[in-house]
Amino acid sequence: MLQRGEKDFLITINGRILMTSAAHRSEDALAKLACAGLRSKRRARVLVSGLGMGFTLRAALDELADDAQVTVAELNAVVVGWCKGPLAPLIADAARDPRVTVDIVDVAVCIAGVARDPGVRRFDAIVLDMYEGPQTQVRPNDPLYGPSAVLRVKKALAPDGVFAVWCEGPSAGFERALHAAGFHHQLRRAGRGARIHCVYIARPSAAGTV
């Protein structure tokens, strides 16, 4: 992570800009669309992955009541340290919010664990804000966006739950996986200028259209 001044941060991977603290409209939109209406739901349970700069988490918390339970799945403990350290003032210390539990875990493992355990409460929203999101074509064995992975997401969701995914552009392969698993979906575009990204909002078919 690079820092310029007190409020200007930049995260890069292999020389490519991943995110900046100045541009997070699509991340905000992702969380707001996923958590819309959950403020009135008692003990709403939400899964967010990954943490990034914490803006998605912050926007989700702003949509939820005080008794909500938010699990953050993040692979890199260094990222958690950033969000509890230099980035904390920008996200109102979201990573330390009492409603939040941060787990250093692969989100695919987390989802699979809930999906196969009938004794665990299902998530009211699963929010994936990953490095790139689903590509145009999705491998059949993709651990997050392939047909089997999306079916596990459905099993880990409450019957009226929401599956929200950030991506750089539309993904025909992901849409096929959603349809095969029994989701209705809607694609939203969010951002401004050159940083317009996509947000998929999907609900189990039994819950009706999005």
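Visitor: How many nonpolar, polar and charged residues are in the lining of the second largest pocket?

Guide: The lining of that pocket divides into six nonpolar, three polar and three charged residues. Here Ala, Val, Leu, Ile, Met, Phe, Trp, Tyr, Cys and Pro count as nonpolar, Asp, Glu, Lys and Arg as charged, and the others, Gly among them, as polar. This is a predicted model, in which local features need pLDDT of at least 70 and side-chain atom pairs count only at pLDDT 80 or more, while totals for chains, interfaces and linings use all residues. Residues are numbered from 1 along each chain as its sequence is written, and side-chain values use heavy atoms, with hydrogens and water left out.

Visitor: Which residues line the second largest pocket, and what space lies in it?

Guide: Rolling a probe the size of a water molecule over the atoms shows where empty space is left. On a 1 Å grid over the protein atoms alone, a cavity is a set of points where a 1.4 Å probe fits but cannot get out, a pocket is an open set with protein on both sides within 12 Å along at least five of seven lines, and lining residues have an atom within 4 Å of a point. Points are joined across faces, edges and corners, and a volume is the space filled by probe spheres set on them. In this model the second largest pocket holds about 180 Å³. Its lining comprises Met-130, Tyr-131, Glu-132, Gly-133, Pro-134, Gln-135, Gln-137, Val-138, Arg-139, Asp-142, Leu-144 and Tyr-145.

Visitor: At what angle do the axes of H4 and H5 cross?

Guide: Two packed helices are described by the angle between their axes and the distance between the axes. The axes of H4 (residues 107–116) and H5 come within 8 Å and cross at roughly 55 degrees (axes are lines fitted to C-alpha atoms, for helices over the stretch in contact, and angles run from 0 to 180 degrees between N-to-C directions). H4 is therefore oblique to H5 (under 35 degrees counts as roughly parallel, over 145 as roughly antiparallel, 65 to 115 as roughly perpendicular and the rest as oblique). The crossing of H4 and H5 is left-handed (the near helix is turned anticlockwise from the far one by less than a right angle; clockwise is right-handed). Ile-111, Ala-112, Val-114 and Ala-115 of H4 make the contact with Arg-152, Val-153, Lys-155 and Ala-156 of H5 (heavy atoms within 4.5 Å).

Visitor: Is the crossing of H5 and H6 left-handed or right-handed?

Guide: The crossing of H5 and H6 is right-handed. Pro-147, Val-150, Leu-151 and Lys-154 of H5 meet Phe-174, Ala-177, Leu-178 and Ala-181 of H6. That contact has seven nonpolar, no polar and one charged residues.

Visitor: Which residues does the cis peptide bond join?

Guide: The cis bond joins Ser-49 and Gly-50, with omega about -15 degrees.

Methods: Helix = DSSP H or I, 4+ residues; strand = E, 2+ residues; numbered from the N terminus.
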